[in-house]
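Let's take a walk through this structure together. Keep the viewer open and follow along as we go.

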Amino acid sequence: MKNRKAFILILLGVFTVVVLVMSPFWGTEHVPFGSVLKAGGEDARANIFWKFRVPRVVASFCAGAALAISGMAFQAMFRNPLATPFTLGVSAGAAFGATLYIQVGVLFSVLGIPGKTLSAFAWAMISVMIVYGLTRTRRGFTTATMLVAGVAVNFFFSSFIMFIQYLSDFTSSFRVVRWLMGGFEIVGFDPVIRFIPFVAIGSATIFMLTNELNLLTIGDDLALSRGVRIIRVKAIIFIVTSLMVGSAVSIFGPIGFIGMMAPHICRLFIGPNHRHLAPATFLFGGAFLVLCDTFARTIISPAEIPVGVITAILGGPFFLWLLMRGSSEKSVIS
Amino acid sequence: MKEPAVEIKDLSISIGGARILEAVSFSVDEREYLSIIGPNGAGKTTILKCLMRIYPNWTGTVKVAGIPIDAMSQKELAGRISYVPQSEGRSVPFTVGEMVVMGRYPHLSPFTSIKPVDREAVEQALEMTGTSGIAERRFNTLSGGEKQMVLIASALAQGAGIMLLDEPTTFLDPKHEEDIQRVLATVNRTLGITILNVTHDINSAALNGDRVVILKNGRVIYDGDSESIITNELLEGVYDRRFMIHRHPRTGQPVIAPDIIEP
(Lines give C-alpha, C1' and ligand atoms only; values in the text may rest on other atoms or scores of the structure.)
Protein backbone atom coordinates (compact mmCIF):
# COMPACT_ATOMS: atom_id res chain seq x y z
CA MET A 1 0.00 0.00 0.00
CA LYS A 2 2.69 2.42 1.05
CA ASN A 3 4.96 1.37 -1.79
CA ARG A 4 2.16 1.78 -4.28
CA LYS A 5 1.70 5.40 -3.22
CA ALA A 6 5.42 6.07 -3.36
CA PHE A 7 5.44 4.54 -6.83
CA ILE A 8 2.56 6.77 -7.99
CA LEU A 9 4.39 9.83 -6.65
CA ILE A 10 7.59 8.88 -8.47
CA LEU A 11 5.63 8.30 -11.67
CA LEU A 12 3.98 11.66 -11.27
CA GLY A 13 7.38 13.27 -10.72
CA VAL A 14 8.71 11.72 -13.93
CA PHE A 15 5.57 12.82 -15.80
CA THR A 16 6.05 16.37 -14.52
CA VAL A 17 9.69 16.50 -15.59
CA VAL A 18 8.79 15.20 -19.04
CA VAL A 19 6.04 17.79 -19.42
CA LEU A 20 8.34 20.59 -18.23
CA VAL A 21 11.13 19.61 -20.60
CA MET A 22 8.97 18.87 -23.64
CA SER A 23 6.53 21.80 -23.56
CA PRO A 24 8.95 24.62 -24.48
CA PHE A 25 9.84 22.78 -27.69
CA TRP A 26 6.26 22.76 -28.73
CA GLY A 27 4.83 25.77 -30.49
CA THR A 28 4.27 27.73 -33.69
CA GLU A 29 7.96 28.16 -34.36
CA HIS A 30 9.75 24.85 -34.47
CA VAL A 31 12.74 24.88 -32.13
CA PRO A 32 15.19 22.05 -32.73
CA PHE A 33 16.84 20.63 -29.65
CA GLY A 34 20.37 21.57 -30.71
CA SER A 35 19.69 25.26 -31.22
CA VAL A 36 18.70 26.08 -27.65
CA LEU A 37 22.06 25.15 -26.23
CA LYS A 38 23.92 27.75 -28.29
CA ALA A 39 24.12 30.17 -25.42
CA GLY A 40 24.77 33.87 -25.84
CA GLY A 41 24.14 33.75 -29.59
CA GLU A 42 21.72 35.89 -31.50
CA ASP A 43 19.86 32.83 -32.64
CA ALA A 44 16.18 33.76 -33.01
CA ARG A 45 14.99 30.32 -32.07
CA ALA A 46 17.07 30.16 -28.91
CA ASN A 47 15.69 33.59 -28.11
CA ILE A 48 12.09 32.39 -28.47
CA PHE A 49 12.92 29.37 -26.39
CA TRP A 50 14.62 31.11 -23.46
CA LYS A 51 12.81 34.44 -23.43
CA PHE A 52 9.27 33.35 -24.12
CA ARG A 53 8.63 29.68 -23.80
CA VAL A 54 10.69 28.63 -20.79
CA PRO A 55 9.49 31.48 -18.54
CA ARG A 56 5.97 30.75 -19.68
CA VAL A 57 6.21 27.05 -18.85
CA VAL A 58 7.75 27.78 -15.45
CA ALA A 59 5.07 30.39 -14.74
CA SER A 60 2.21 28.11 -15.68
CA PHE A 61 3.69 25.29 -13.62
CA CYS A 62 3.99 27.49 -10.52
CA ALA A 63 0.51 28.93 -11.00
CA GLY A 64 -1.02 25.49 -11.53
CA ALA A 65 0.74 24.06 -8.48
CA ALA A 66 -0.25 27.04 -6.32
CA LEU A 67 -3.90 27.03 -7.40
CA ALA A 68 -4.16 23.25 -7.04
CA ILE A 69 -2.66 23.15 -3.55
CA SER A 70 -4.86 26.08 -2.47
CA GLY A 71 -7.89 24.24 -3.79
CA MET A 72 -6.87 21.13 -1.88
CA ALA A 73 -6.54 23.07 1.37
CA PHE A 74 -9.97 24.67 0.85
CA GLN A 75 -11.58 21.32 0.12
CA ALA A 76 -10.22 19.91 3.38
CA MET A 77 -11.15 22.95 5.41
CA PHE A 78 -14.69 23.27 4.06
CA ARG A 79 -15.01 19.47 3.87
CA ASN A 80 -16.35 19.75 0.35
CA PRO A 81 -14.83 18.95 -3.06
CA LEU A 82 -16.61 21.92 -4.61
CA ALA A 83 -14.98 24.42 -2.27
CA THR A 84 -12.04 26.09 -3.97
CA PRO A 85 -10.71 29.65 -4.07
CA PHE A 86 -12.29 30.01 -7.50
CA THR A 87 -15.77 28.68 -6.74
CA LEU A 88 -15.97 30.53 -3.43
CA GLY A 89 -15.19 33.89 -4.98
CA VAL A 90 -11.66 34.36 -3.63
CA SER A 91 -10.26 34.63 -7.16
CA ALA A 92 -12.96 37.17 -7.98
CA GLY A 93 -12.01 39.14 -4.87
CA ALA A 94 -8.36 39.08 -5.92
CA ALA A 95 -9.30 40.11 -9.46
CA PHE A 96 -11.31 43.01 -8.07
CA GLY A 97 -8.35 44.06 -5.95
CA ALA A 98 -6.02 44.02 -8.94
CA THR A 99 -8.52 45.85 -11.19
CA LEU A 100 -9.09 48.45 -8.51
CA TYR A 101 -5.37 49.03 -8.20
CA ILE A 102 -4.94 49.42 -11.96
CA GLN A 103 -7.78 51.91 -12.21
CA VAL A 104 -7.07 53.97 -9.13
CA GLY A 105 -3.60 54.40 -10.56
CA VAL A 106 -1.77 55.14 -7.33
CA LEU A 107 1.45 53.27 -7.83
CA PHE A 108 3.02 51.83 -4.71
CA SER A 109 4.92 48.82 -3.54
CA VAL A 110 5.89 47.48 -0.15
CA LEU A 111 9.15 45.59 0.40
CA GLY A 112 9.41 45.13 -3.34
CA ILE A 113 5.98 43.53 -3.59
CA PRO A 114 4.01 45.37 -6.26
CA GLY A 115 0.84 47.14 -5.18
CA LYS A 116 -1.26 45.16 -7.64
CA THR A 117 -0.34 41.92 -5.86
CA LEU A 118 -0.89 43.48 -2.43
CA SER A 119 -4.28 44.77 -3.43
CA ALA A 120 -5.25 41.39 -4.90
CA PHE A 121 -4.05 39.68 -1.71
CA ALA A 122 -6.00 42.04 0.54
CA TRP A 123 -9.24 41.57 -1.38
CA ALA A 124 -8.72 37.82 -1.57
CA MET A 125 -8.49 37.83 2.24
CA ILE A 126 -11.63 39.94 2.51
CA SER A 127 -13.62 37.58 0.28
CA VAL A 128 -12.39 34.53 2.23
CA MET A 129 -13.58 36.18 5.42
CA ILE A 130 -16.96 36.97 3.89
CA VAL A 131 -17.55 33.42 2.66
CA TYR A 132 -16.24 31.79 5.80
CA GLY A 133 -18.27 34.18 7.95
CA LEU A 134 -21.43 33.40 5.97
CA THR A 135 -20.96 29.67 6.26
CA ARG A 136 -20.37 29.98 10.01
CA THR A 137 -23.52 31.92 10.82
CA ARG A 138 -25.68 28.83 10.72
CA ARG A 139 -24.54 25.73 12.52
CA GLY A 140 -23.94 22.75 10.27
CA PHE A 141 -23.91 24.67 7.00
CA THR A 142 -24.65 22.68 3.89
CA THR A 143 -23.01 22.49 0.48
CA ALA A 144 -25.85 24.64 -0.79
CA THR A 145 -25.23 27.42 1.74
CA MET A 146 -21.55 27.42 0.94
CA LEU A 147 -21.96 27.47 -2.84
CA VAL A 148 -24.61 30.16 -2.66
CA ALA A 149 -22.30 32.24 -0.50
CA GLY A 150 -19.55 31.70 -3.09
CA VAL A 151 -21.84 32.62 -5.97
CA ALA A 152 -22.94 35.76 -4.14
CA VAL A 153 -19.35 36.85 -3.50
CA ASN A 154 -18.47 36.09 -7.12
CA PHE A 155 -21.37 38.19 -8.40
CA PHE A 156 -20.60 40.98 -6.02
CA PHE A 157 -16.99 41.36 -7.10
CA SER A 158 -17.73 40.74 -10.78
CA SER A 159 -20.25 43.58 -10.71
CA PHE A 160 -17.67 45.88 -9.17
CA ILE A 161 -15.16 44.90 -11.83
CA MET A 162 -17.77 45.67 -14.51
CA PHE A 163 -18.49 48.99 -12.85
CA ILE A 164 -14.82 49.92 -12.89
CA GLN A 165 -14.54 48.85 -16.51
CA TYR A 166 -17.55 50.95 -17.43
CA LEU A 167 -15.86 54.00 -15.98
CA SER A 168 -12.57 53.38 -17.77
CA ASP A 169 -11.64 54.02 -21.38
CA PHE A 170 -11.84 51.44 -24.12
CA THR A 171 -8.22 50.28 -24.31
CA SER A 172 -7.70 49.74 -20.61
CA SER A 173 -11.11 48.12 -20.44
CA PHE A 174 -10.05 45.68 -23.14
CA ARG A 175 -6.82 44.97 -21.28
CA VAL A 176 -8.78 44.11 -18.14
CA VAL A 177 -11.13 41.84 -20.10
CA ARG A 178 -8.21 40.01 -21.66
CA TRP A 179 -6.46 39.71 -18.30
CA LEU A 180 -9.64 38.36 -16.70
CA MET A 181 -9.53 35.46 -19.16
CA GLY A 182 -6.21 34.41 -17.70
CA GLY A 183 -3.02 33.81 -19.58
CA PHE A 184 0.73 33.45 -19.44
CA GLU A 185 1.80 35.78 -22.24
CA ILE A 186 4.87 36.93 -20.36
CA VAL A 187 8.27 38.02 -21.56
CA GLY A 188 11.35 37.06 -19.62
CA PHE A 189 11.72 35.73 -16.12
CA ASP A 190 10.79 38.86 -14.15
CA PRO A 191 7.13 38.01 -13.50
CA VAL A 192 8.13 34.44 -12.62
CA ILE A 193 10.75 35.59 -10.14
CA ARG A 194 8.20 37.89 -8.51
CA PHE A 195 5.72 35.03 -8.28
CA ILE A 196 7.89 32.14 -7.07
CA PRO A 197 8.44 33.33 -3.47
CA PHE A 198 4.68 33.37 -2.83
CA VAL A 199 4.28 29.88 -4.24
CA ALA A 200 7.26 28.59 -2.27
CA ILE A 201 6.14 30.04 1.05
CA GLY A 202 2.50 29.09 0.54
CA SER A 203 3.14 25.54 -0.61
CA ALA A 204 5.75 24.86 2.05
CA THR A 205 3.28 25.98 4.69
CA ILE A 206 0.56 23.70 3.33
CA PHE A 207 3.04 20.79 3.16
CA MET A 208 3.72 21.33 6.87
CA LEU A 209 0.01 21.16 7.69
CA THR A 210 -0.86 17.80 6.12
CA ASN A 211 -1.70 16.13 9.46
CA GLU A 212 -3.94 19.05 10.35
CA LEU A 213 -5.67 18.95 6.96
CA ASN A 214 -6.41 15.26 7.48
CA LEU A 215 -8.06 15.95 10.82
CA LEU A 216 -9.98 18.96 9.51
CA THR A 217 -11.43 16.65 6.84
CA ILE A 218 -12.98 14.53 9.59
CA GLY A 219 -14.43 17.44 11.53
CA ASP A 220 -13.54 20.49 13.57
CA ASP A 221 -14.60 18.83 16.82
CA LEU A 222 -12.43 15.78 16.29
CA ALA A 223 -9.51 17.90 15.08
CA LEU A 224 -9.70 20.01 18.24
CA SER A 225 -9.87 16.96 20.46
CA ARG A 226 -6.70 15.64 18.83
CA GLY A 227 -4.93 18.88 19.68
CA VAL A 228 -5.24 20.91 16.48
CA ARG A 229 -5.55 24.63 17.16
CA ILE A 230 -8.12 24.95 14.45
CA ILE A 231 -8.61 28.72 14.52
CA ARG A 232 -4.90 29.27 14.12
CA VAL A 233 -4.52 26.59 11.46
CA LYS A 234 -7.45 27.94 9.46
CA ALA A 235 -6.14 31.49 9.71
CA ILE A 236 -2.75 30.33 8.42
CA ILE A 237 -4.38 28.48 5.53
CA PHE A 238 -6.53 31.50 4.66
CA ILE A 239 -3.48 33.75 4.64
CA VAL A 240 -1.20 31.54 2.55
CA THR A 241 -3.89 30.58 0.03
CA SER A 242 -4.85 34.24 -0.32
CA LEU A 243 -1.17 35.03 -0.90
CA MET A 244 -0.85 32.36 -3.58
CA VAL A 245 -4.19 33.04 -5.25
CA GLY A 246 -3.78 36.81 -4.96
CA SER A 247 -0.34 36.83 -6.57
CA ALA A 248 -1.33 34.33 -9.26
CA VAL A 249 -4.45 36.30 -10.15
CA SER A 250 -2.68 39.66 -10.14
CA ILE A 251 -0.01 38.44 -12.54
CA PHE A 252 -1.79 35.90 -14.73
CA GLY A 253 -5.49 36.62 -14.21
CA PRO A 254 -8.09 34.39 -12.55
CA ILE A 255 -7.57 30.90 -13.96
CA GLY A 256 -10.43 28.76 -12.82
CA PHE A 257 -11.11 25.16 -11.92
CA ILE A 258 -7.49 23.95 -11.59
CA GLY A 259 -7.94 24.08 -7.81
CA MET A 260 -10.97 21.85 -8.06
CA MET A 261 -9.89 19.37 -10.72
CA ALA A 262 -6.28 18.66 -9.77
CA PRO A 263 -6.80 17.62 -6.12
CA HIS A 264 -9.85 15.61 -7.01
CA ILE A 265 -8.19 13.68 -9.81
CA CYS A 266 -5.20 13.01 -7.54
CA ARG A 267 -7.51 11.79 -4.77
CA LEU A 268 -8.89 9.18 -7.16
CA PHE A 269 -5.55 7.48 -7.61
CA ILE A 270 -3.56 8.25 -4.47
CA GLY A 271 -6.28 8.47 -1.81
CA PRO A 272 -7.38 11.22 0.55
CA ASN A 273 -4.38 11.20 2.93
CA HIS A 274 -2.84 14.66 2.58
CA ARG A 275 0.64 13.33 3.24
CA HIS A 276 0.57 11.85 -0.26
CA LEU A 277 -2.16 14.01 -1.71
CA ALA A 278 -0.35 17.32 -1.17
CA PRO A 279 2.80 16.51 -3.18
CA ALA A 280 0.72 14.73 -5.84
CA THR A 281 -1.63 17.71 -6.20
CA PHE A 282 1.29 20.12 -6.36
CA LEU A 283 2.97 18.21 -9.20
CA PHE A 284 -0.17 17.32 -11.08
CA GLY A 285 -1.71 20.80 -10.82
CA GLY A 286 1.48 22.33 -12.19
CA ALA A 287 1.95 19.84 -15.02
CA PHE A 288 -1.74 19.99 -15.89
CA LEU A 289 -1.74 23.77 -16.29
CA VAL A 290 1.46 23.59 -18.37
CA LEU A 291 -0.34 21.17 -20.69
CA CYS A 292 -3.44 23.38 -20.82
CA ASP A 293 -1.30 26.40 -21.65
CA THR A 294 0.69 24.53 -24.29
CA PHE A 295 -2.60 23.50 -25.82
CA ALA A 296 -3.89 27.08 -25.60
CA ARG A 297 -0.95 28.51 -27.50
CA THR A 298 -0.77 25.83 -30.20
CA ILE A 299 -4.33 24.72 -30.99
CA ILE A 300 -5.24 27.63 -33.31
CA SER A 301 -1.63 28.56 -34.03
CA PRO A 302 -0.30 31.05 -34.96
CA ALA A 303 -3.01 32.67 -32.79
CA GLU A 304 -3.59 31.78 -29.14
CA ILE A 305 -6.60 31.30 -26.93
CA PRO A 306 -6.53 32.38 -23.27
CA VAL A 307 -5.66 29.45 -21.04
CA GLY A 308 -8.50 30.40 -18.69
CA VAL A 309 -10.90 29.51 -21.49
CA ILE A 310 -9.40 26.02 -21.74
CA THR A 311 -9.55 25.33 -17.99
CA ALA A 312 -13.12 26.65 -17.83
CA ILE A 313 -14.20 24.42 -20.73
CA LEU A 314 -12.74 21.41 -18.91
CA GLY A 315 -13.76 22.59 -15.45
CA GLY A 316 -17.42 23.37 -16.03
CA PRO A 317 -18.51 19.82 -16.85
CA PHE A 318 -16.19 18.50 -14.13
CA PHE A 319 -17.90 20.75 -11.60
CA LEU A 320 -21.32 19.48 -12.67
CA TRP A 321 -20.12 15.89 -12.47
CA LEU A 322 -18.89 16.43 -8.92
CA LEU A 323 -22.15 18.10 -7.97
CA MET A 324 -24.26 15.22 -9.34
CA ARG A 325 -22.00 12.65 -7.79
CA GLY A 326 -21.98 14.40 -4.43
CA SER A 327 -25.75 14.57 -4.24
CA SER A 328 -26.15 10.88 -4.97
CA GLU A 329 -23.54 9.63 -2.53
CA LYS A 330 -24.02 12.29 0.13
CA SER A 331 -20.35 11.97 0.90
CA VAL A 332 -18.18 14.86 1.91
CA ILE A 333 -14.93 14.23 0.12
CA SER A 334 -14.32 10.97 -1.62
CA MET B 1 -3.93 13.59 48.62
CA LYS B 2 -4.20 12.54 45.04
CA GLU B 3 -5.78 14.99 42.61
CA PRO B 4 -8.94 13.81 40.86
CA ALA B 5 -8.54 13.03 37.15
CA VAL B 6 -11.10 15.66 36.24
CA GLU B 7 -12.44 18.35 38.54
CA ILE B 8 -15.29 20.52 37.29
CA LYS B 9 -16.38 23.48 39.40
CA ASP B 10 -19.22 25.90 38.67
CA LEU B 11 -19.12 25.17 34.95
CA SER B 12 -21.66 27.39 33.18
CA ILE B 13 -22.19 28.16 29.52
CA SER B 14 -24.75 29.88 27.35
CA ILE B 15 -25.01 29.11 23.66
CA GLY B 16 -27.00 31.36 21.38
CA GLY B 17 -28.54 33.14 24.37
CA ALA B 18 -29.78 29.95 26.01
CA ARG B 19 -28.32 28.81 29.32
CA ILE B 20 -27.11 25.25 28.68
CA LEU B 21 -25.12 24.53 31.84
CA GLU B 22 -25.69 26.18 35.19
CA ALA B 23 -22.94 25.88 37.81
CA VAL B 24 -22.17 22.22 37.15
CA SER B 25 -19.71 20.74 39.64
CA PHE B 26 -18.46 17.19 39.95
CA SER B 27 -15.19 15.38 39.85
CA VAL B 28 -13.98 12.09 38.49
CA ASP B 29 -11.31 9.99 40.17
CA GLU B 30 -8.52 8.33 38.33
CA ARG B 31 -9.51 4.97 36.84
CA GLU B 32 -13.14 5.68 37.51
CA TYR B 33 -15.91 4.80 35.05
CA LEU B 34 -18.49 7.59 35.18
CA SER B 35 -21.73 7.65 33.22
CA ILE B 36 -23.56 10.90 32.54
CA ILE B 37 -27.28 10.52 31.90
CA GLY B 38 -30.25 12.83 31.63
CA PRO B 39 -33.01 13.84 29.25
CA ASN B 40 -32.38 15.27 25.78
CA GLY B 41 -31.09 18.80 25.99
CA ALA B 42 -29.89 18.45 29.58
CA GLY B 43 -26.38 19.53 28.59
CA LYS B 44 -24.59 16.18 28.67
CA THR B 45 -22.76 16.57 25.37
CA THR B 46 -22.03 20.20 26.19
CA ILE B 47 -20.00 19.16 29.23
CA LEU B 48 -17.78 16.99 27.05
CA LYS B 49 -17.38 19.76 24.48
CA CYS B 50 -16.43 22.26 27.20
CA LEU B 51 -13.84 19.83 28.54
CA MET B 52 -12.41 19.48 25.04
CA ARG B 53 -12.58 23.28 24.49
CA ILE B 54 -14.75 22.72 21.43
CA TYR B 55 -16.94 25.29 23.16
CA PRO B 56 -14.42 27.80 24.47
CA ASN B 57 -16.59 30.42 26.14
CA TRP B 58 -17.61 28.70 29.37
CA THR B 59 -17.06 30.04 32.87
CA GLY B 60 -15.93 28.18 35.98
CA THR B 61 -12.92 25.98 36.61
CA VAL B 62 -12.00 22.73 34.95
CA LYS B 63 -8.90 20.98 36.19
CA VAL B 64 -7.31 17.89 34.72
CA ALA B 65 -4.90 16.17 37.11
CA GLY B 66 -4.92 19.35 39.18
CA ILE B 67 -4.00 21.67 36.30
CA PRO B 68 -6.59 24.17 35.01
CA ILE B 69 -7.20 23.37 31.35
CA ASP B 70 -6.97 27.09 30.49
CA ALA B 71 -3.27 26.79 31.25
CA MET B 72 -2.79 23.94 28.77
CA SER B 73 -2.18 24.09 25.06
CA GLN B 74 -4.64 22.19 22.90
CA LYS B 75 -1.98 19.53 22.31
CA GLU B 76 -1.28 19.13 26.03
CA LEU B 77 -5.01 18.76 26.61
CA ALA B 78 -5.16 16.15 23.83
CA GLY B 79 -2.31 14.31 25.52
CA ARG B 80 -4.49 13.94 28.62
CA ILE B 81 -8.04 13.62 27.28
CA SER B 82 -9.31 11.84 24.20
CA TYR B 83 -12.78 12.27 22.76
CA VAL B 84 -15.09 9.93 20.90
CA PRO B 85 -17.75 12.03 19.16
CA GLN B 86 -21.03 10.72 17.82
CA SER B 87 -20.24 8.79 14.68
CA GLU B 88 -23.59 9.41 13.03
CA GLY B 89 -23.43 11.25 9.74
CA ARG B 90 -19.68 11.20 9.48
CA SER B 91 -18.55 10.20 6.04
CA VAL B 92 -14.82 10.34 5.60
CA PRO B 93 -12.83 8.51 2.97
CA PHE B 94 -9.77 7.57 5.05
CA THR B 95 -8.92 3.97 5.74
CA VAL B 96 -9.40 2.62 9.24
CA GLY B 97 -5.63 2.43 9.65
CA GLU B 98 -5.23 6.09 8.66
CA MET B 99 -8.04 7.10 11.05
CA VAL B 100 -6.33 5.38 13.95
CA VAL B 101 -2.91 6.82 13.06
CA MET B 102 -4.53 10.28 13.22
CA GLY B 103 -5.14 9.62 16.89
CA ARG B 104 -1.38 10.00 17.32
CA TYR B 105 -1.54 13.65 16.22
CA PRO B 106 -0.50 15.16 19.57
CA HIS B 107 2.68 13.07 19.41
CA LEU B 108 3.58 13.74 15.77
CA SER B 109 5.71 16.45 14.20
CA PRO B 110 4.94 17.76 10.73
CA PHE B 111 7.72 16.06 8.79
CA THR B 112 8.86 12.89 10.50
CA SER B 113 6.75 9.89 9.67
CA ILE B 114 5.34 7.79 12.48
CA LYS B 115 7.83 6.28 14.90
CA PRO B 116 7.84 2.71 16.28
CA VAL B 117 6.18 3.92 19.50
CA ASP B 118 3.31 5.37 17.44
CA ARG B 119 3.07 2.23 15.36
CA GLU B 120 2.84 0.20 18.59
CA ALA B 121 0.08 2.38 20.04
CA VAL B 122 -1.88 2.13 16.78
CA GLU B 123 -1.52 -1.63 16.65
CA GLN B 124 -2.58 -2.02 20.26
CA ALA B 125 -5.63 0.18 19.68
CA LEU B 126 -6.64 -1.82 16.61
CA GLU B 127 -6.20 -5.05 18.49
CA MET B 128 -8.11 -4.02 21.61
CA THR B 129 -11.07 -2.89 19.56
CA GLY B 130 -10.97 -5.88 17.24
CA THR B 131 -10.53 -3.68 14.18
CA SER B 132 -7.19 -5.05 12.94
CA GLY B 133 -9.01 -7.08 10.30
CA ILE B 134 -10.63 -4.01 8.72
CA ALA B 135 -7.57 -1.73 8.89
CA GLU B 136 -7.36 -1.40 5.10
CA ARG B 137 -11.06 -0.67 4.61
CA ARG B 138 -12.40 2.83 4.07
CA PHE B 139 -14.24 4.40 6.98
CA ASN B 140 -17.27 5.41 4.91
CA THR B 141 -17.90 1.81 3.84
CA LEU B 142 -18.25 0.58 7.43
CA SER B 143 -21.40 -0.18 9.42
CA GLY B 144 -22.44 2.08 12.30
CA GLY B 145 -21.01 -0.30 14.88
CA GLU B 146 -17.68 -0.59 13.09
CA LYS B 147 -17.44 3.18 12.67
CA GLN B 148 -17.98 3.69 16.39
CA MET B 149 -15.35 1.08 17.20
CA VAL B 150 -12.86 2.78 14.88
CA LEU B 151 -13.47 6.16 16.53
CA ILE B 152 -12.78 4.49 19.88
CA ALA B 153 -9.62 2.90 18.47
CA SER B 154 -8.46 6.29 17.20
CA ALA B 155 -9.07 7.88 20.61
CA LEU B 156 -7.29 4.97 22.28
CA ALA B 157 -4.24 5.43 20.05
CA GLN B 158 -4.06 9.00 21.32
CA GLY B 159 -2.74 7.51 24.56
CA ALA B 160 -4.59 9.82 26.95
CA GLY B 161 -5.48 8.75 30.49
CA ILE B 162 -9.05 10.04 30.23
CA MET B 163 -11.58 9.16 27.55
CA LEU B 164 -14.81 11.05 26.85
CA LEU B 165 -17.53 9.27 24.90
CA ASP B 166 -20.68 10.82 23.44
CA GLU B 167 -23.45 8.25 23.23
CA PRO B 168 -21.24 5.51 21.81
CA THR B 169 -23.99 2.91 21.70
CA THR B 170 -27.06 4.94 20.78
CA PHE B 171 -27.49 3.81 17.18
CA LEU B 172 -26.20 0.28 17.55
CA ASP B 173 -27.78 -3.15 17.58
CA PRO B 174 -27.50 -5.22 20.81
CA LYS B 175 -24.50 -7.19 19.57
CA HIS B 176 -22.44 -4.13 18.69
CA GLU B 177 -23.62 -2.38 21.83
CA GLU B 178 -22.27 -5.24 23.89
CA ASP B 179 -18.98 -5.20 21.96
CA ILE B 180 -18.54 -1.52 22.71
CA GLN B 181 -19.37 -1.97 26.41
CA ARG B 182 -16.86 -4.81 26.64
CA VAL B 183 -14.12 -2.73 25.04
CA LEU B 184 -14.87 0.16 27.41
CA ALA B 185 -14.74 -2.17 30.41
CA THR B 186 -11.39 -3.56 29.27
CA VAL B 187 -9.99 -0.11 28.57
CA ASN B 188 -11.10 0.98 32.02
CA ARG B 189 -9.95 -2.09 33.99
CA THR B 190 -6.78 -3.23 32.27
CA LEU B 191 -5.42 0.06 30.90
CA GLY B 192 -6.71 2.07 33.86
CA ILE B 193 -8.21 4.75 31.63
CA THR B 194 -10.73 7.05 33.29
CA ILE B 195 -14.01 7.04 31.40
CA LEU B 196 -16.73 9.69 31.09
CA ASN B 197 -19.55 8.15 29.13
CA VAL B 198 -22.61 10.13 28.06
CA THR B 199 -25.47 7.75 27.45
CA HIS B 200 -29.25 7.44 27.23
CA ASP B 201 -29.21 3.85 28.40
CA ILE B 202 -30.21 4.00 32.08
CA ASN B 203 -29.77 0.27 32.66
CA SER B 204 -26.32 0.29 31.15
CA ALA B 205 -25.32 3.29 33.28
CA ALA B 206 -26.52 1.43 36.36
CA LEU B 207 -24.84 -1.86 35.52
CA ASN B 208 -21.61 -0.79 33.78
CA GLY B 209 -19.45 1.67 35.56
CA ASP B 210 -18.80 2.96 39.03
CA ARG B 211 -20.66 6.20 39.28
CA VAL B 212 -23.44 8.17 37.64
CA VAL B 213 -24.01 11.90 37.28
CA ILE B 214 -27.54 12.88 36.29
CA LEU B 215 -28.17 16.20 34.61
CA LYS B 216 -31.42 18.00 34.05
CA ASN B 217 -31.85 21.47 32.56
CA GLY B 218 -28.12 22.08 32.84
CA ARG B 219 -27.86 21.22 36.55
CA VAL B 220 -26.50 18.20 38.36
CA ILE B 221 -29.38 16.57 40.24
CA TYR B 222 -27.64 13.35 41.21
CA ASP B 223 -24.05 12.35 41.75
CA GLY B 224 -23.40 8.98 43.29
CA ASP B 225 -23.32 5.20 43.07
CA SER B 226 -24.42 3.69 39.80
CA GLU B 227 -26.42 0.94 41.52
CA SER B 228 -28.68 3.29 43.43
CA ILE B 229 -30.05 5.25 40.47
CA ILE B 230 -32.82 2.78 39.65
CA THR B 231 -35.55 4.16 41.89
CA ASN B 232 -38.70 5.90 40.78
CA GLU B 233 -38.18 8.62 43.40
CA LEU B 234 -35.06 9.68 41.50
CA LEU B 235 -35.92 8.82 37.91
CA GLU B 236 -39.39 10.33 37.87
CA GLY B 237 -37.85 13.65 38.79
CA VAL B 238 -35.45 13.27 35.87
CA TYR B 239 -37.61 11.96 33.06
CA ASP B 240 -41.11 13.01 34.23
CA ARG B 241 -42.41 9.46 34.02
CA ARG B 242 -42.46 6.33 36.11
CA PHE B 243 -40.57 3.17 35.22
CA MET B 244 -41.28 -0.50 35.85
CA ILE B 245 -38.49 -1.76 38.03
CA HIS B 246 -37.62 -5.40 38.54
CA ARG B 247 -34.58 -7.45 39.53
CA HIS B 248 -31.77 -8.60 37.31
CA PRO B 249 -32.09 -12.42 37.05
CA ARG B 250 -28.38 -13.00 37.67
CA THR B 251 -27.30 -10.36 40.18
CA GLY B 252 -30.56 -9.21 41.70
CA GLN B 253 -29.74 -5.56 41.01
CA PRO B 254 -32.73 -3.35 40.21
CA VAL B 255 -33.17 -2.69 36.48
CA ILE B 256 -35.78 -0.99 34.32
CA ALA B 257 -38.12 -3.22 32.33
CA PRO B 258 -39.31 -1.98 28.96
CA ASP B 259 -42.91 -0.78 29.05
CA ILE B 260 -45.75 -2.03 26.94
CA ILE B 261 -47.29 1.01 25.33
CA GLU B 262 -51.08 0.95 25.08
CA PRO B 263 -52.86 3.54 23.01
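**Salt bridges, chains and the interface**

At 22% relative accessibility, B:E146 counts as partly exposed (buried means under 20% relative accessible area, exposed means over 50%, and partly exposed is what lies in between, with a 1.4 Å probe and protein chains only). Before going on, some ground rules: this is a predicted model, where local features need pLDDT of at least 70, side-chain atom pairs count only at pLDDT 80 or more, and totals for chains, interfaces and linings use all residues. Residues are numbered from 1 along each chain as its sequence is written, chains are lettered from A and ligands numbered from 1 in the order in which they are written, and side-chain values use heavy atoms, leaving out hydrogens and water.

Back to B:E146, whose side chain meets that of B:R137 in a salt bridge (3.9 Å, N to O); the term stands for a side-chain nitrogen of Lys or Arg within 4 Å of a carboxyl oxygen of Asp or Glu. B:R137 is partly exposed, with a relative accessible area of 35%. Over all chains, this rule gives 15 salt bridges.

Another of these pairs is B:E178 with B:R182, at 2.2 Å from N to O. Both sit in helix 6 (residues 174–190) of chain B, 4 residues apart, or about one turn of the helix. Helices here are DSSP runs of H or I with at least four residues, strands are runs of E with at least two, and both are numbered from the N terminus. B:E178 counts as partly exposed at 44% relative accessibility, and B:R182 is partly exposed as well, at 48%.

Over in chain A, have a look at A:R79 and A:D220, whose side chains form a salt bridge of 3.4 Å, N to O. This pair ties together distant parts of the chain: A:R79 is in the loop between helix 2 (44–78) and helix 3 (90–104), while A:D220 belongs to helix 9 (residues 220–225), 141 residues apart. A:R79 is partly exposed at 24% relative accessibility, whereas A:D220, at 15%, counts as buried.

Now zoom out to chain B as a whole, with its 8 helices and 12 strands. Its C-alpha atoms fill a box of roughly 60 × 40 × 40 Å along the principal axes. Of its 263 residues, 53% count as buried. Contact means heavy atoms within 4.5 Å, and among the chain B contacts with a separation of 6 or more, 64% come from residues 24 or more positions apart.

How do the two chains meet? In terms of contacts, 28 residues of chain A touch 34 residues of chain B. The area buried between them is about 2600 Å², with carbon and sulfur atoms giving 59%; buried area is the accessible area (1.4 Å probe) that two parts lose on being put together, summed over both. On the chain A side, A:I218, A:D221 and A:R226 lose the most area to chain B, together 25% of what that side buries. A:R226 turns up again as a contact of B:S154, along with B:M99, B:V100 and B:G103, leaving aside residues up to four places away in sequence. B:S154 itself lies in helix 5 (residues 144–157) of chain B and is buried, with a relative accessible area of 2%.
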